[in-house]
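Biologist: Please take a close look at one strand and its surroundings, and then at the aromatic rings. Keep it plain, as I am new to this.

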Amino acid sequence: MDLKDNISSPSPIAGAHLSLSNISTVLTSLPCHMCSTIIPERSNLNFNKGDDILTNYEFFDSYPTYPTLEASFMAGCTLCGLMRKKLTTLSPKVIRSTKNNNDILVWSPFQNREVHLAEVWDRKVKLRVAFKFLVPETVPSSRVSSFERSYPQFGCMITSISVNYRPVSGVLRDEDGKPWSGDTIDFPVFDSPDLYSQEKQYRIRLPSPSSLSEENVDMMRRWIDDCVYNHTECLLTSKVWVPTRLLEINYKNKSLTLRLIDTSNHSLEMGSTFAALSHMWGDMSISRPLRTLKSNYYQLKEEIKGPDMPQNFADSALVCVRLGILYLWIDSLCIIQDSPEDWRHESGLMHLVYRNAIVTIVATSATSCQDGFLCRDVSSIPAVKIAYTSNYSKSEPQGHHMIVCCYDQPQDNQRMFAVNGSKWNTRGWTLQERSLATRMIHFCRNKIFFECRACLTSENNEPAQEMDHMNSILWPRRPSASFKELYQHWQLLLGEYCSRNLTVSSDKLPAIQSIAEEMATASGHDYIRFAGMWLQNLRRELLWFVSFGNATLPIKWRAPSWSWASIEGQITLWQRDFRKVLQAPPGSPLSCVACHPIQVLSIDQAYPDLSSDMCGYLEVNTLAKRIYRISRDGISTSRRDFFPYNLRLAPHKQSPNEVFDSAVFAHGRLDIHSSDGLEDEHDAFLHAHVNDEARATGLILKATRRTSDTVLWRRVGIATLFVDRSEIPIMDDVFTCKDVPEKIVLI
C-alpha cells in the first residue's frame with residue numbers, strides 16, 4: 001500500500017476546523033516541501049547531552065505577517081498554517097510600521113512601552129525547528145535497555161516542536177540599547193510512536209473531550225490505587241482517622257445533594273474513605289462561598305441541594321461520585337466559620353485532613369468557589385495531523401504521523417505553568433494543603449495532573465520534567481527523616497510561603513500551622529505557635545531578615561516583633577554559618593561574645609493577650625550594648641549594601657570642653673526601611689547579641705514602654721559586630737570577657 005493512500009491534503013478551510021477533539025478521526029495530510037524536513041529522528045539522540053532533536057528545517061520569511069507561510073498554507077500545508085496563526089497572534093507585537101512604511105518601532109519586552117529601533121530593519125526573519133523530548137523516569141539515561149534503545153521510541157517521548165524565529169540581519173537594538181534577537185514558541189506534539197507504544201507506561205494519550213470521561217475516571221482510579229498499594233513514600237502508618245465533620249454525598253437520578261454530618265455521632269459505611277477539596281474562595285466582597293455558621297448549622301445537617309452549592313463544591317462532589325467516594329471534606333462547610341473556638345480547633349487538625357484523605361481534589365484552574373473546574377473545551381485547540389517518514393520508518397507502508405496543536409496559553413499543557421503557575425498556587429492557605437496532602441488530582445484547564453511523593457503524571461502520560469521534581473513542595477514522610485532534614489524543608493517552605501497572598505492578614509500563622517504540627521509530631525520539637533518559630537532553633541531564627549523588596553507592618557497586630565510573622569515581606573532564615581567560634585583566639589572579640597551565649601529565660605505559654613503590656617513576650621539573658629544613635633552609612637559600597645546603617649556608642653568626653661565623635665561598633669539592617677525619624681532618636685535603642693556564627697550577630701531593639709520594673713523592647717532590625725561575613729570586628733573591645741549578660745524582655 002502506498003503511503004499516499006492514507007493521506008489527504010485538506011483545504012485550508014477544512015484544516016481551520018481541525019482541533020484536538022476531532023483530529024484523531026481525520027486522515028493525515030502531506031506537509032509542504034519545507035515542512036517535510038520536520039522529522040523527529042530519535043536515533044540521533046544523545047542522552048548524556050540532553051539536547052533537542054534538531055531538524056533540517058530552515059525557512060525565511062517577512063515579519064510580522066509571514067506571507068510565505070501564508071502562501072504555503074493556502075496551497076494546502078496545514079502545519080504552515082498552524083505556525084503562522086501562532087506567530088501572527090503573538091502579543092505584544094514586536095514591530096509596527098510608520099506612515100512612510102519604514103519599520104522603526106519595536107516593543108520593549110520588559111517595559112510596557114514602544115521605543116525606536118536604533119536602525120532600520122528589513123523585517124527578514126529565519127525560522128528553525130527542533131523537537132523537545134523527555135526521558136521517562138523508569139529509563140535511566142546512562143543505561144537504556146534494548147527495548148528503550150530500539151525503534152520506534154528509542155527511550156524517549158516527544159513533547160513539542162520548538163520554533164525559533166530571529167532577525168536575519170542579526171541582533172537588533174532599540175534606542176535604549178536593549179537587544180532583541182528573536183524568540184521561541186512551542187507547539188505540543190503527539191507523535192504516533194508514543195501514541196501507539198506497545199509499552200503502556202510509555203504511551204501518550206490525547207486529552208479527553210470530557211474531564212469525567214470513562215477513560216479519565218479509570219485513569220484517576222488507577223492513580224489512586226497504585227499510590228495506595230505500591231508507593232512506600234505515601235504509605236500511612238497511623239490508624240484510620242476521620243475529621244470531626246464530613247459531607248455525605250447523595251447522587252440519585254442525576255440529582256446531587258450533600259449533608260453535613262458529625263462523624264462522632266454517625267456510623268460511616270464500612271471501609272469508606274473521604275476526599276478533601278483544595279480551592280480558592282475568591283473575592284469575599286463579591287461572592288462568599290457557602291459557609292457553615294452557627295445560624296445554619298442544623299439546616300446544613302438536613303440537606304444541601306445542588307442549586308445551592310458553589311460550582312466548585314458541586315464539581316468536587318461529582319468527582320467523588322465517579323470515583324466511588326462517599327464523603328467529602330470542604331473547609332468552609334466542615335468548620336463553623338463564626339465560631340473562634342471551633343475554627344481554632346479544626347484549623348489545628350488540617351494536617352490530618354489532607355494526610356488522611358484518600359485523595360485531595362484540587363480546583364487548580366478555578367479562581368473562585370463559583371468558577372467550577374470540570375468544564376473543558378478541547379475543540380477550541382487547533383491541531384493538525386502531519387505524515388512523515390524517518391530513517392527508521394521507511395520500511396513501514398503507513399509511515400508515521402504526528403499531531404501538532406496550538407494552545408492559546410502554556411498553562412493548558414505544562415505542569416510548570418498549569419499547576420505551579422496557577423493563581424491557586426499563589427495563595428497562602430494552599431501551600432500547606434499541597435504540602436501535606438498524601439495525593440492530589442489537579443483539575444487544570446483542559447488537562448488533569450496527578451501528584452504524590454512517588455509520582456508526577458498527567459492525563460497525557462508524558463514524563464515529568466526535572467524542574468517539576470525540583471519544584472515539589474510535598475512534605476517528607478519518611479520515618480527516618482531527621483529534624484535537621486525537616487527543618488531544611490521548613491526553611492524553604494517559609495520562603496515560598498512569605499511570597500504568597502492571604503485575604504485575611506491575621507491568617508499569617510494559622511495558614512502554615514498544619515505544616516508545623518506535622519513537623520512537631522514527627523520530630524518531637526517545640527513549636528511556638530504565636531510566633532511561628534521553633535524553640536530549639538530560636539537562636540538562629542531570631543535573626544530572620546527581609547531578603548528583598550520593602551517590608552511593611554500589618555494593619556493589626558498578629559505576632560510579636562521578634563517573629564518573622566510580624567511584618568509583610570519576603571522573609572529568609574539563615575541557612576549557614578560564617579564564623580568558626582571554636583577556632584577563635586582566646587581574648588578575641590569573637591571568643592568573648594561566645595563566652596555568653598543567649599539564654600531563653602521564659603516565654604509566653606499561651607496565645608498572647610493583646611490587652612497585656614507583655615503580649616507575646618520573650619525573656620532572654622544575653623550581652624547587650626546601648627546604641628546612642630543609628631545613622632545611614634554615607635559611603636555606598638557593595639560590602640555595605642546588606643548592612644547600610646552604623647550603630648554608634650555614646651560620645652566619649654575626655655574633658656568638659658572636648659567631645660569625641662561617637663564610635664561605630666556595629667553595622668545594621670532595619671526591618672522597615674522607611675522608619676521615619678529613627679536616625680534622630682538618641683539612647684532609645686539596644687543591641688542584643690544572639691548568634692556568633694551567623695552573618696548577623698544580634699538584634700536592634702527599640703524601647704517601647706516600661707512596666708513597673710522592666711523595659712519592654714521591640715525588634716526593629718538586625719546587626720553584626722563583625723565586618724560582613726568575616727571574623728574582623730568592627731570595634732575591637734565592644735565586648736570583653738568581663739562583660740556580664742543582662743535580662744531583656746522582647747515583645
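Modeller: Ile 630 is found opposite Leu 647, a residue of S31. The model is a predicted one, in which local features need pLDDT of at least 70 and side-chain atom pairs count only at pLDDT 80 or more, while totals for chains, interfaces and linings use all residues. Residues are numbered from 1 along each chain as its sequence is written, and side-chain values use heavy atoms, with hydrogens and water left out.

S31 spans residues 645-648; strands are DSSP runs of E with at least two residues, and helices are runs of H or I with at least four, both numbered from the N terminus. Strand S30 (residues 629-632) runs antiparallel to S31, and 4 bridges join them (two strands pair if DSSP finds at least two bridges between them). S31 is also joined by 4 bridges to strand S34 (residues 664-670), again antiparallel. There, Arg 648 has Val 664 of S34 as its bridge partner.

In a regular strand the side chains alternate between the two faces of the sheet. In S31, Tyr 645 and Leu 647 point one way, Asn 646 and Arg 648 the other way, and all are buried (under 20% relative accessible area with a 1.4 Å probe and protein chains only; exposed is over 50%, partly exposed in between).

Tyr 645 also has a charged neighbour: Arg 632 lies over the face of its ring, 5.2 Å from the ring centre. For this, NZ of Lys or CZ of Arg must be within 6 Å of the ring centre and within 35 degrees of the ring normal. Arg 695 lies over Phe 642 in like manner, at 4.0 Å from the ring centre.

Now the rings paired with each other. The structure holds 22 aromatic pairs; rings of Phe, Tyr and Trp (its six-membered ring) pair if their centres lie within 6.5 Å, with planes under 30 degrees apart counted as stacked, over 60 as edge-to-face and the rest as tilted. One of them is Trp 329 with Tyr 354, edge-to-face, at 5.8 Å centre to centre and 80° between the planes. This pair links distant parts of the chain, 25 residues apart: Trp 329 is in strand S16 (residues 327-329) and Tyr 354 in helix H11 (residues 350-356). Trp 329 is buried, at 1% relative accessible area, and Tyr 354 is buried at 1% too.

Tyr 497 and Trp 564 form another edge-to-face pair, 6.4 Å centre to centre with 90° between the planes. Tyr 497 belongs to helix H15 (residues 483-498) and Trp 564 to the loop between strand S25 (545-552) and strand S26 (568-572), so the pair ties together parts 67 residues apart in sequence. Both Tyr 497 and Trp 564 are buried. Finally, one aromatic cluster is formed by Phe 483, Tyr 487, Trp 490, Tyr 527 and Trp 534.
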